[in-house]
Amino acid sequence: MEEYLDRILLSEDQIKKRVAQLGAQITEEYQGKDLLVIGILKGAVPFLADLIREIKLPLRYDFMAVSSYGASAKSSGEVRILKDLDSSIEDRHIIIVEDIVDTGLTLKYLQENLGRRKPLSMKIAALLDKPGRRRTEVYPNYNCFVIPDEFVVGYGLDYNEAYRNLPYIGALKPEVYTEQD
Ligand code: XMP
Ligand code: MG
């Protein structure tokens with residue numbers, strides 16, 4: 001294990017198996033439907049890339065970027081659109097793909113914003129759910145893993161934009177934060 005990690009929470013193999021299961025479930029539920037998968041940059045990229053290849057349907061995907069924590073490990077609660085979708089979602093079945101639902105503030109904002117654009121249906125798929133820190137009534141329709149209230153990195157998740165490329169999910173050693181803050 002890398003020296004900056006405290007422990008590995010979810011191995012590459014665990015993630016792969018769970019994402020395959022979720023892909024199979026979505027494949028079943030969206031039979032005959034025109035599906036648009038919306039990835040929230042940048043954290044959702046590895047999850048989206050793996051998930052869409054487990055969905056055996058002719059889907060499309062698009063991306064949105066919203067402001068989140070910046071360089072800090074704490075949520076500001078403010079959400080801003082940095083990059084919007086390329087096309088309309090009116091009358092489309094959409095699945096919003098997020099890396100993690102923490103306070104839920106980002107997803108609440110996205111649900112309201114995208115909901116106003118009149119999609120035919122809207123669901124949320126989150127790789128991780130950290131319900132211990134929820135500040136709104138937003139829960140993912142599809143979730144791979146529930147995790148404790150701990151800051152995690154890897155498989156898209158970052159600290160200060162680093163560690164996104166780790167193929168597994170781990171918790172950083174506390175001294176990694178304190179060194180940089
Ligand atoms: P909220 O609080 O709005 O947060 O649900 C969603 C966004 O916060 C980031 N986030 C994390 N990023 N490790 C990270 O690398 C974490 O443990 C963590 N918790 C929240 C993430 O960008 C997510 O999209
Ligand atoms: Mg993020």
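A: In this predicted model, leucine 128 has a bridge partner in strand 7, namely phenylalanine 145.

Q: Why is the unit made by strand 5, helix 3 and strand 6 called right-handed?
A: The term applies if, with the strands pointing away from the viewer, the path from the first strand over the helix to the second runs clockwise. Strand 5, helix 3 and strand 6 make a β-α-β unit of right-handed sense, so the path over the helix is clockwise in that view.

Q: What is the strand order of the sheet with 6 strands, and which are its edge strands?
A: The order is 4-3-2-5-6-7 in an open sheet with mixed pairing. Strand 4 (81-83) and strand 7 are the edge strands, since each pairs on one side only. From one strand to the next, the twist averages 30°.

Q: Which strands does helix 2 touch as it packs on the sheet, and what angle does it make with strand 2?
A: Helix 2 (residues 45-52) touches strand 2 (35-41), strand 3 (60-66), strand 5 and strand 6. The direction of helix 2 makes about 160° with that of strand 2. Helix 3 also packs on the sheet, where it touches strand 3, strand 5 and strand 6. The direction of helix 3 makes about 165° with that of strand 5.

Q: What makes strand 1 and strand 8 edge strands?
A: An open sheet of 3 strands has the order 1-9-8, with antiparallel pairing. Strand 1 (5-10) and strand 8 each have a single partner strand, so one side of each is without a neighbour in the sheet. Strand 1 pairs with strand 9 over 4 bridges in the antiparallel sense; one bridge partner there is alanine 171 of strand 9, for arginine 7.

Q: Where is the peptide bond that is called cis, and what is its omega?
A: The bond runs from leucine 41 to lysine 42, with omega near -5°. Lysine 42 lies in the loop between strand 2 and helix 2. Asparagine 160 belongs to the loop between strand 8 and strand 9 (169-172).

Q: How many residues surround ligand 1, and which elements supply at least two of them?
A: There are 18 residues around ligand 1, and the closest are Asp102, Thr103, Leu105, Thr106 and Leu157. Strand 5 (93-101), helix 3 (105-115) and strand 8 (152-153) each supply at least two residues of this shell. Strand 5 gives the largest share, 4 residues. By class, the shell comprises 8 nonpolar, 6 polar and 4 charged residues.

Q: What confidence does the predictor assign to the model?
A: The average pLDDT of the protein chain is 93, and 93% of the residues score at least 70. The ipTM is 0.92 and the pTM is 0.93.

Methods:
Residues are numbered from 1 along each chain as its sequence is written. Chains are lettered from A and ligands numbered from 1 in the order in which they are written. This is a predicted model: local features need pLDDT of at least 70, side-chain atom pairs count only at pLDDT 80 or more; totals for chains, interfaces and linings use all residues. A residue is near a molecule or strand if its C-beta atom, placed from the backbone, lies within 6 Å of it. Ala, Val, Leu, Ile, Met, Phe, Trp, Tyr, Cys and Pro count as nonpolar, Asp, Glu, Lys and Arg as charged, and the others, Gly among them, as polar. pLDDT is the predictor's confidence in each residue, from 0 to 100. Two strands pair if DSSP finds at least two bridges between them. Axes are lines fitted to C-alpha atoms, for helices over the stretch in contact, and angles run from 0 to 180 degrees between N-to-C directions. Two residues are in contact if their C-beta atoms, placed from the backbone, lie within 7 Å.
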